[in-house]
Amino acid sequence: MAYTCVADGRFSVGVDITRDRVRCLVVNLERRVLVSRRTRREFERSESYVEFVGHEVAATIEESGVDRSLILGVGVAVPGLISESTGKVTYGRVIDNAGLSAADFARYIPYETRLVHDSEAAGFAEFWDRQTVDNAFYISLSKSVGGSVLIANGMYRGDGELAGEVGHMRIHDHGLRCYCGRDGCLDPYCNSGVLAQHTDGSIEDFFEGLSAGDPEAVEVWERYTSDLAIAVNNIRVMFGCTIILGGDVGAQGGSHLGDVRAKVDRLSFLEAPAETYLVPCSFTEHPIAVGAALYLVDEFRQNLDTALSLASRGSGGRMADGSRATDGPPDQ
Ligand SMILES: [Zn+2]
């Protein structure tokens with residue numbers, strides 16, 4: 001007897017918190033987004049803010065019509081480094097959230113609640129769909145720059161929470177001031193605001209202008225790609241794997257990737273052209289919130305696989321929640 005996962009057997013909630021808004025959505029076991037909700041609200045360190053997030057989660061679940069007993073939990077993505085041992089934000093200068101933990105949000109969320117690093121969550125949503133890639137580096141180019149690393153099909157976190165923090169890779173001596181307090185980091189050169197500030201904050205408008213040949217956009221993009229190419233080349237030398245450009249810039253600027261590849265090729269000491277390893281992200285629909293939700297889905301599916309293999313060995317194929325028997329071949 002074989003089993004397949006019932007897509008709507010369980011659901012998970014993902015929350016993406018930024019400086020000025022909260023995105024909340026519900027996904028099923030196959031990553032389909034049932035409902036997504038975006039509410040403007042300035043982040044603040046206060047009880048009323050975490051209570052507000054709890055209300056957003058409740059309202060999103062209500063809107064989805066999903067039976068609350070089928071909710072696996074809630075992944076809350078925030079900018080900032082998170083300690084695996086304490087679950088607290090250990091470095092949070094983007095929105096001043098250092099010290100915040102899942103327990104703070106859990107006071108208003110009646111489900112298992114996880115706190116996750118936003119750029120790692122975006123990478124997780126991307127890796128989820130790339131079954132053929134074992135190793136990859138995801139660069140998140142949004143309001144801040146971050147990254148996540150997939151090695152041997154597992155997320156790599158180094159000895160702590162720092163791995164992949166490419167936003168603080170130093171690319172220029174005596175360069176621009178970064179929010180971390182240092183000078184010359186990649187972040188102030190390649191966050192999405194560097195482009196969007198020329199088009200009233202709209203990254204879509206920036207790329208529209210670039211495609212139309214707007215001279216200002218062309219000049220800004222020229223500088224931007226020169227700086228991004230330094231980082232891509234450094235990452236390639238260190239990891240030697242597929243590099244995915246993600247975040248808002250990766251999602252919107254995929255058709256202009258050739259400009260970045262050409263500059264990376266000029267820096268590379270090897271002949272292998274960047275078009276063989278530098279690719280745009282394929283998952284562009286709220287990757288941070290979806291990725292945050294997927295941690296719980298992934299865990300559930302892995303536990304289910306383990307339980308099913310034990311059950312099939314022990315009793316010849318006992319049914320378990322979220323699965324059903326089929327006559328077809330096993331899909332695992
Ligand atoms: Zn920095």
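A residue counts as buried if 20 or more other C-beta atoms lie within 10 Å of its own, as exposed if 12 or fewer do, and as partly exposed in between, with C-beta atoms placed from the backbone. This is a predicted model, in which local features need pLDDT of at least 70, side-chain atom pairs count only at pLDDT 80 or more, and totals for chains, interfaces and linings use all residues. Residues are numbered from 1 along each chain as its sequence is written.

**View 1. The whole protein chain.** Of its 332 residues, 43% are buried. The chain holds 10 helices and 14 strands; these are DSSP runs numbered from the N terminus, helices being H or I of at least four residues and strands E of at least two. The radius of gyration, taken over C-alpha atoms, is 21 Å, close to the 20 Å from the globule rule for 332 residues, so the chain is as compact as a globular protein of that length. That rule is 2.2 Å times the number of residues to the power 0.38.

**View 2. Where the two domains meet.** The domain assignment, which is automatic or from a database, gives domain 1 (2-122 + 286-326) and domain 2 (132-280). Their C-alpha centres lie 27 Å apart. The contact takes 14 residues from domain 1 and 16 residues from domain 2, where contact means C-beta atoms, placed from the backbone, within 7 Å. On the domain 1 side, β6 (81-82) and α3 (118-128) are the elements that give two or more residues, and α3 has the largest share, 4 residues.

**View 3. The open sheet.** Here 5 strands line up in the order β4-β3-β2-β5-β8, with mixed pairing; two strands pair if DSSP finds at least two bridges between them. β4 and β8 (113-117) stand at the edges with a single partner strand each, so one side of each has no neighbour in the sheet. From one strand to the next, the twist averages 20 degrees. Helix α3 lies across β2, β5 and β8, at about 95 degrees to β8. Axes are lines fitted to C-alpha atoms, for helices over the stretch in contact, and angles run from 0 to 180 degrees between N-to-C directions.

**View 4. Two strand pairs, close up.** Strands β3 (residues 21-28) and β4 (residues 33-40) pair in the antiparallel sense over 7 bridges, with cysteine 24 opposite arginine 37 in β4. The two form a hairpin with 4 residues between them, and arginine 31 in the turn has a positive phi of about 75 degrees. By contrast, β2 (residues 11-17) and β5 (residues 71-78) pair in the parallel sense over 5 bridges. Look there for phenylalanine 11, whose bridge partner in β5 is isoleucine 71.

Definitions and conventions: Two residues are in contact if their C-beta atoms, placed from the backbone, lie within 7 Å.
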